[in-house]
Amino acid sequence: MSKTVLVTGSSRGIGAAIAELFYENGYNVAINYNKSEKEAKALLEKLPGSLLLKGDVSSEEDVKNMIEQTVAHFGKIDVLINNAGISQTGLLQDISLEEWEKLFSINVTGTFLTSKYAVKNMLANHNGKIINISSIWGISGASCESCYSASKGAVIAFTKALAKELGASNITVNCIAPGFIDTDMNKNISKEDTKAFCEETPLGRIGTPDEVAKAALFLASENADFITGQILGVDGGAII
Ligand code: NAP
C-alpha cells in the first residue's frame, strides 16, 4: 500500500517541489493551498490522483477538515510536512502587533494544529513521520527578520520537544532548516543582497526548492527511521 503525505502550503515554491518529488516516488499526495488556487490546480493536473485541499493552516476548523479529508481519501497519513509559511521583514519598531500575530498564527500555530490532528491518526497506526520546515534564521537569527526568526526558532523547539514525546509511539519528528532558496518568498531581495549572501555561503550559491524536497524525502524514508529531533540544514553551508 502506498504511503500518504500531506504537504501544507504546496501550491508554490518548496512545498510544490516536495509534493512533486514524493509523487514521483510513489506517495499518495495531499496538496494544500490557501490563496493560490490556480497554481494548486495546475499542480494537481501534473500529479493526477492527488488530493487537493483548500485550507488555512492557522484555522483549526480548516486543519481538522484537511486531516479528515486526507484520512477519508487515502486511509491514513504516514508523513506530515509542515511547510506552509510566510516571511516578515522590517525593523522591529516598524512591525505591528497584527503582523507579528499573523506570522505566528501561520508559522507556529499552523505547525501546532496540523501536527495535533495528524498525530491522532499516526498514534492509531503506531507509525508516522513529521517534518517541519524551519529556517537557518530560526537557528542564528537575521537582522530585520527578528519576528520571522522567532517564529522559526519556535518551530525548532517544537520539533525537539515533540520528538521526545512521540518517540515511544514510533513517530519521528524532524526539521529542515533551509538557507536561501529560490522561491517567491525571496523575490524582493535585491541582486546585490543575493550576491552578498552567496559570497558568505561555502557552496557559493542559493539553493533550489528541489534540494529541500530531496532532504524531506530522505527524512520521510526508512533510511531515516532512527533519526528524530534533528535539525537538518539545507543551506549550502551558510550555518556551520
Ligand atoms: P513561498 O514560495 O512564498 O510559498 C509559501 C507557501 O505557503 C505557498 O504555497 C502558500 O500557499 C503557503 N501558505 C502561506 N500561508 C498559508 C496558510 N495560511 N495556509 C496554508 N498555506 C499557506 O515560500 P517558500 O519559499 O516555498 O517557503 C516554504 C517554507 O520554507 C516556509 O515555511 C518558509 O518559511 C520556509 N523557508 C523558505 C526559505 C527560502 O529561502 N525560500 C528559507 C528558509 C525557510 P498559498 O499561496 O496558496 O496561500
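How many bridges join β5 to β6, and in which sense do the two strands run? The two strands run parallel, and 6 bridges join them. The structure is a predicted model, in which local features need pLDDT of at least 70, side-chain atom pairs count only at pLDDT 80 or more, and totals for chains, interfaces and linings use all residues. Residues are numbered from 1 along each chain as its sequence is written, and side-chain values use heavy atoms, with hydrogens and water left out.

The strands come first. Strands (E, at least two residues) and helices (H or I, at least four) are DSSP runs numbered from the N terminus, and two strands pair if DSSP finds at least two bridges between them. Strand β1, residues 4-7, pairs with β4 in the parallel sense over 3 bridges. Within this pairing, valine 5 has valine 79 of β4 as its bridge partner. On β4 there is also a parallel pairing with strand β5, residues 128-133, over 4 bridges. Here asparagine 82 stands opposite asparagine 132 in β5.

Buried means under 20% relative accessible area, exposed means over 50%, and partly exposed lies in between (1.4 Å probe, protein chains only). Strand β6 is mostly covered, with 8 of its 8 residues buried. Ile171, Val173, Cys175 and Ala177 point one way from β6, and Thr172, Asn174, Ile176 and Pro178 point the other way.

Charged side chains form another part of the picture. A search of the whole structure finds 8 salt bridges, a salt bridge being a side-chain nitrogen of Lys or Arg within 4 Å of a carboxyl oxygen of Asp or Glu. One of them joins the side chains of arginine 12 and aspartate 184, at 2.9 Å from N to O. Arginine 12 lies in the loop between β1 and α1 (13-24) and aspartate 184 in the loop between β6 (171-178) and α7 (191-199), so this pair ties together parts that are 172 residues apart in sequence. Arginine 12 is partly exposed, with a relative accessible area of 39%, and aspartate 184 is partly exposed with a relative accessible area of 39%.

Glutamate 199 and lysine 195 meet at 3.3 Å, N to O. Both lie in helix α7, 4 residues apart, or about one turn of the helix. Glutamate 199 and lysine 195 are both exposed. In helix α8, residues 209-220, aspartate 210 and lysine 214 are also 4 residues apart, separated by about one helical turn. The closest N and O atoms of this salt bridge are 3.5 Å apart. Aspartate 210 counts as partly exposed, at 32% relative accessibility.

Where does aspartate 94 lie? Aspartate 94 is in the loop between β4 (79-82) and α4 (97-125). At 56% relative accessibility, aspartate 94 counts as exposed. Asp94, Glu98, Glu99 and Glu101 gather in a patch of negative charge on the surface. Patches are made of residues with over 30% relative accessible area and no salt bridge, with like charges joined within 9 Å and nonpolar side chains (Val, Leu, Ile, Met, Phe, Trp, Tyr) within 5 Å.

Most residues other than glycine have a negative phi. Histidine 126, in the loop between α4 and β5, has a positive phi of about 50° although it is not a glycine. Histidine 126 counts as partly exposed, at 44% relative accessibility. Cysteine 144, in the loop between α5 (137-140) and α6 (146-166), has a positive phi near 65°. Cysteine 144 is partly exposed, with a relative accessible area of 37%.

Technical notes:
Accessible areas come from the Shrake-Rupley method with a 1.4 Å probe; for residues, only the protein chains shown count as cover. Lys and Arg count as positive and Asp and Glu as negative; His and the chain ends are not counted. The place of a charge is taken as NZ of Lys, CZ of Arg, CG of Asp or CD of Glu.
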